[in-house]
Amino acid sequence: MATTTAPAPKVNRIGLPVVDYRGSKTTLCAGCGHNAISERIIDAFYEMGVQPERVMKLSGIGCSSKSPAYFLSRSHGFNSVHGRMPSVATGAILANQTMQAIGVSGDGDTASIGMGQFAHLMRRNLPLIYIIEDNGVYGLTKGQFSATADIGSKLKTGVINDLPAIDTCALAVQLGATFVGRSFSGDKKQLLAMLKAAIAHKGTVMLDVISPCVTFNDHEGSTKSYKYMQEHEEAISEVGFVPFFEDIAIDYDAGSTYDVTMHDGSHLRLRKLHEDYNPSDRVAAVKALMEAHHNGEVLTGVFYIDTEKPSFTGLLNLVDEPLATLPQERTRPSKQVLSEIMAKLT
Amino acid sequence: MATGHVALDSSGVDAGQPVSGSSKDNSGAAQKPVINDFSIQVATVNGSGSQSANSVLLRSIFGMGIPVSGKNLFPSNIAGLPTWYTIRASKHGYIARKQEIDILVAMNAETAKDDILSLPKGAVAVYEEAANLKQYRDDVICYPVPFDKLTAAVCPEARLRKLVKNMVYVGVVAKLISLDLKVVEAALRRQFAKKQKAADLNWAAVEAGYNYAAESIAKQDPFVLERMHATDGKIIIDGNAAAALGAMFAGVTVVTWYPITPSSSVVEQLIDYLRRYRVEPDGKATFAVVQAEDELAAIGMVLGAGWAGARSMTATSGPGISLMAEFAGLGYFSELPGVIFDIQRVGPSTGLPTRTAQADLLSIAYLSHGDTKHVMLLPGNVKECFELAIEAFNLTERLQTPVFVVSDLDLGMNNWMSEPFDYPEKPLDRGKVLTAEELTKRGSFARYKDVDGDAIPWRTLPGTDHPQAAYFTRGSGHNEKGLYTEKPDDYQNLMERLARKFETARTLVPKPVIVQNGKSKIGLIAFGTSDFAVLESRDQLKKEYGLETDYLRIRAYPFTSEVHDFITSHERIYVIEQNRDAQMLSLLKLDLPAAETTRLRSIRHFNGLPIDARSVTSALVLEEEI
């Protein structure tokens, strides 16, 4: 009698099924944009074939910051304190620069309480993927405006926001991040391509992902709702990504497309959708962002990329191995060194 | 009029005037010399370059083999405000601050009047001739010196005179107290080791001062030095450098900081050492140093690095400690290693940033909201700054909790003599870390489970190549597996285990230093830099009042059992500390059965100056009604 065997599960290039990239069950609201982002993170690491044990997940406090529990459960995770994920990530990466690190923050966690650490993280160009799950409100405290809420946008209670929004992408470009983009949790294709490119980049990647809060900010009058995004999303570029392990001989029009060779040999292909688009020009990036804002558009895509600037770990000229596990012979100088120092002090 | 007053001076001699050789010899004859037991205070203007001169004086006395200590009382200012440096030579080896000044070098016109008025009768004042300080005191021995004239003669370049003038007083004082010029020159050449020209210029200034004093000052005071051999083989170092050395020999790999007085020199000196001794032949560093954007980031980086397995540290002072509160709670609750050096200064708030205190104890012990308790190590001298720094790194990884090394400005920023430091023979204790192989052997892993009964769980590091190695660290409620929980039992079990872990810490931290004869009813308890004053005060109490005391110096919190035993074996315990609110006494009270707390008395010193023996002795004598 013929026996049938279950088909072998689909695996990625290192032989792992996608289930090995999943996390525990989400406790966020059904329909929350953050869950879609977690899904894309799972897909990106799976498709790039990153060993989950080689990843560190970090976050601050808030709905967004809970989400690292919902992806990559085989990676070490650290849900730290409000607005302080950048410092924790900095320490962790310095301790072990051989790891891939992804940090998840929210608009409150970044643009209000965490603004200082955010600014200095960008400035250092620490090799970290920094994602803002941006919904314009504080969810866990039940719906107060955050600092990325647009001026004139309305809370469910009818309260109008009368302060201007902080554009985290413009800030990141100005402060020194080397890969800056914005996406939308509902734009699967774009977000996945950007996340994969982020994995291939060595330096600070700052992705502001508009991620609607279905409970507190998805109504008429909100500028961070699904409906508003569907109507106002304006891509500056079409994001294509060819990983280093795939054939790159796909044609593209050099006149309309920027081809960026990433640190790991992957290629990021940015097809111009806007006049004057130049992802290596910081001034142009900030200008485009400000103009879009003025026109009531939510600009998405990769705004700026620089693969040349040294990362923070590069600047520190660290030994290749993780500092964390260097043996005593390399971290405790010899008895002779102490004698030498003592002799100079007599 | 002023000169007329001088003429009527009780000493009968205007010491500033050239006198004949015979009168020079006679002038001090009536007095019994005071040998190797006096203090010098130099009053200058901040930023005038007197540091080098004072350092040369200190090193010269040290070079004569005489126990010596130096204290810099400086303002929170770049340049222009008054600053004082006191040097104490003591044949008995007392290195605490001494209240009385024996020799004043008044180089700051602005404070000169107050400076001379504060001197005890019979003290010496050296000052710029033109200041005519003699008008204020006729019971002080005055040696006016034409500093400006002498300086101008050896230093043609006018802009350097402000600096070089300081070396003139070194020369004058050297002659007055019989410093061996060869020793002074060695100290000076060492100070300007890499600057031959500066060394020569400054040496000319020393000689000018020396020669002037030899020719023109008739010594009338009794203060002199005689060679000893009490400093043979000893070193001079500040506590912050010692702590930095300790950190390097503890194998620190991640160092973060935000500059703050008086802790900055911990990291600045550490950077120098690391660059010299921890760069590999290929030029790559076995360390990372980050100047953070603030203390919140500094401690965040420390804990992130500790979580990922590095030996990490930061150094700060009171205001930084306040800012670190939230992260300290995370470190305690999520069980993260990291070493925090607190070089205490006077608080609250900005306080007196350049003055010393021991007033951060209570805030550190319970730093952060919720039920939190932290381990503190309390070095009492520079050698312990080195040793306890090493111990702190071992303990923080063993206990998986932040460890605070609590020093102070007096210890950290002043130069102290010490026995040379011993090389740490004990290997680094990296604590309970599971490798992939061990994980396979065990078969399972729960991050927060107490498997050994000491309340210290095992951890894995990010990057451990095993599918079960990962766990989720969080500052929110977590169960033994690190999973989120709000269940009453889970929370209570965790908090009770953390309390048990603190009991384990009690058995691992450094034990106190105890001096007792078993007969005294009175026990003294102190910690940190109060030690120097207490040691001297015990001698005063014995010599002057016939009072024997036992003494225990605390070196860590939580208190080991020896502290409890010492308290219960004495009728009265005096807790001596440098803060207003008796913070150490409060911590002891919290630890003791209520009935035992009545033994405790308090002696406190909190004016920003280092505690001195006389203050301790007087307070104790008053309390004991002797």
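## Strand pairing within chain A

Two strands count as paired if DSSP finds at least two bridges between them. In this predicted model, strand β10 of chain A, residues 237–242, is joined by 6 bridges to strand β12 of chain A, residues 267–272, and the two strands run antiparallel. Within this pairing, A:Phe241 stands opposite A:Leu268 of β12(A).

Strand β12(A) is also joined by 5 bridges to strand β11 of chain A, residues 257–261, and here too the strands run antiparallel. A:Tyr258 stands opposite A:Leu270 in β12(A). The strands β11(A) and β12(A) form a hairpin with 5 residues between them, in which A:Gly265 takes a positive phi near 95 degrees.

## The contact between chains A and B

The contact between the two chains draws 57 residues from chain B and 49 residues from chain A. On the side of chain B that touches chain A, the elements giving two or more residues are β9 (235–238), α9 (239–249), β11 (288–291), α11 (295–307), α13 (325–334) and β17 (472–474), each belonging to chain B. Of these, α11(B) gives the most, with 9 residues. Sorted by class, this side of chain B has 35 nonpolar, 13 polar and 9 charged residues.

The bridge partner of A:Phe78 in β17(B) is B:Thr473.

## Helix packing within chain B

Two packed helices are described by the angle between their axes and the distance between the axes. Helix α9(B) packs against helix α15 of chain B, residues 382–399, at an angle of about 30 degrees, with the axes 7 Å apart. Because angles under 35 degrees count as roughly parallel, α9(B) is roughly parallel to α15(B). The crossing of α9(B) and α15(B) is right-handed.

From α9(B), the residues that make the contact are B:Gly239, B:Ala242, B:Ala243, B:Leu245, B:Gly246, B:Ala247 and B:Phe249, while α15(B) brings B:Val382, B:Cys385, B:Phe386, B:Glu387, B:Ala389 and B:Ile390. By class, the residues of the contact between α9(B) and α15(B) are 10 nonpolar, 2 polar and 1 charged.

Terms used: Residues are numbered from 1 along each chain as its sequence is written. Chains are lettered from A and ligands numbered from 1 in the order in which they are written. This is a predicted model: local features need pLDDT of at least 70, side-chain atom pairs count only at pLDDT 80 or more; totals for chains, interfaces and linings use all residues. Two residues are in contact if their C-beta atoms, placed from the backbone, lie within 7 Å. Helices (H or I, at least four residues) and strands (E, at least two) are DSSP runs, numbered from the N terminus. Ala, Val, Leu, Ile, Met, Phe, Trp, Tyr, Cys and Pro count as nonpolar, Asp, Glu, Lys and Arg as charged, and the others, Gly among them, as polar. Axes are lines fitted to C-alpha atoms, for helices over the stretch in contact, and angles run from 0 to 180 degrees between N-to-C directions. Angles under 35 degrees count as roughly parallel, over 145 as roughly antiparallel, 65 to 115 as roughly perpendicular and the rest as oblique. A crossing is left-handed if the near helix is turned anticlockwise from the far one by less than a right angle, and right-handed if clockwise.
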